[in-house]
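This report is intended for a reader new to the structure shown here. Please keep the sequence and the model in view while reading.

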Amino acid sequence: MSSLSAASREALKKVSTATLTTVLFKRGFRNVFIQGVFPLNPKARMVGEAYTLRYIPAREDLDQLGAFEGRGHAQREAIEACPPGQVLMMDARRDASAATGGDILMTRLMVRGVAGVVTDGGLRDSPTIEKLPWPSYCGARSAPLNLVRHHAVESQVPIGCGGVPVYPGDVVVGDAEGVVVIPAQIADQVAEEAAAQTLFEDWVEERVKEGRSIFGLYPPNAETKAEFEAFKKAKK
């Protein structure tokens, strides 16, 4: 069951990760933007709850090609278990020297309706993945298969992705700049505040284009706040 309201989900699709980091900063959260990952398809927006997968370093006796056969491999199980509308979040210890997935697995996630994928490890077959109409974020384009460096161990546990704590069910938002993680319990409030801040900042940008100084405008003084409120009323 989704923890995010439909209205909040739609609002988060329209706000930037930059705005979200400011809204979260005002609430005391500083470490929410996943550093060191980039979008393979910058045009694709992403919103969904986190479904987590954790890797540890590979070990030669366990991580052979036969590990993928049959059922039970934690990575393959996560690909089939991540619910539609959620984001598969992978903790690869910021080691992008090998892939944590490739084009076949990413296509499977897309077809199943998963909202996107984020890994601080690598993705292989990236020239194919970047053509998918679907959000994917990774630490590097990396051809070596995951067994070279990574051993998938468990899903739906707290992880660190790019140095950011991610708990199952946290709300993940991605745009062309990167990925923000919002604690689940405040996601609806953050979405509402971010939508309001976006409206204000869009209005400010128009005033700056007209030649206005930022002093008294951004941040706004009492006169600017009154002017903006009048603008909102006129729009209704």
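The model is predicted: local features need pLDDT of at least 70 and side-chain atom pairs pLDDT 80 or more, whereas totals for chains, interfaces and linings use all residues. Residues are numbered from 1 along each chain as its sequence is written, and side-chain values use heavy atoms, without hydrogens and water.

**Helices 2 and 6**

Helix 2 spans residues 17-26 and includes T17; helices are DSSP runs (H or I) of at least four residues, numbered from the N terminus. Helix 2 packs against helix 6 (residues 187-209) at about 120 degrees, with the axes 9 Å apart. Helix 2 contributes T19, L20, T22, V23, L24 and K26 to the contact, and helix 6 contributes V190, E193, A194, Q197, T198 and E201; contact means heavy atoms within 4.5 Å.

**Salt bridges**

The structure holds 15 salt bridges, each a side-chain nitrogen of Lys or Arg within 4 Å of a carboxyl oxygen of Asp or Glu. Examples are tabulated below.

| Pair | N to O distance |
|---|---|
| R59 and D61 | 2.8 Å |
| E210 and R207 | 2.8 Å |
| K232 and E229 | 3.2 Å |

E210 is exposed at 54% relative accessibility, whereas R207 is buried at 14%; buried means under 20%, exposed over 50%, with a 1.4 Å probe and protein chains only. K232 and E229 lie 3 residues apart in helix 7 (residues 222-235), separated by about one helical turn. K26, R27 and E193 are linked in a salt-bridge network.

How values were computed:
Helices (H or I, at least four residues) and strands (E, at least two) are DSSP runs, numbered from the N terminus. Axes are lines fitted to C-alpha atoms, for helices over the stretch in contact, and angles run from 0 to 180 degrees between N-to-C directions.
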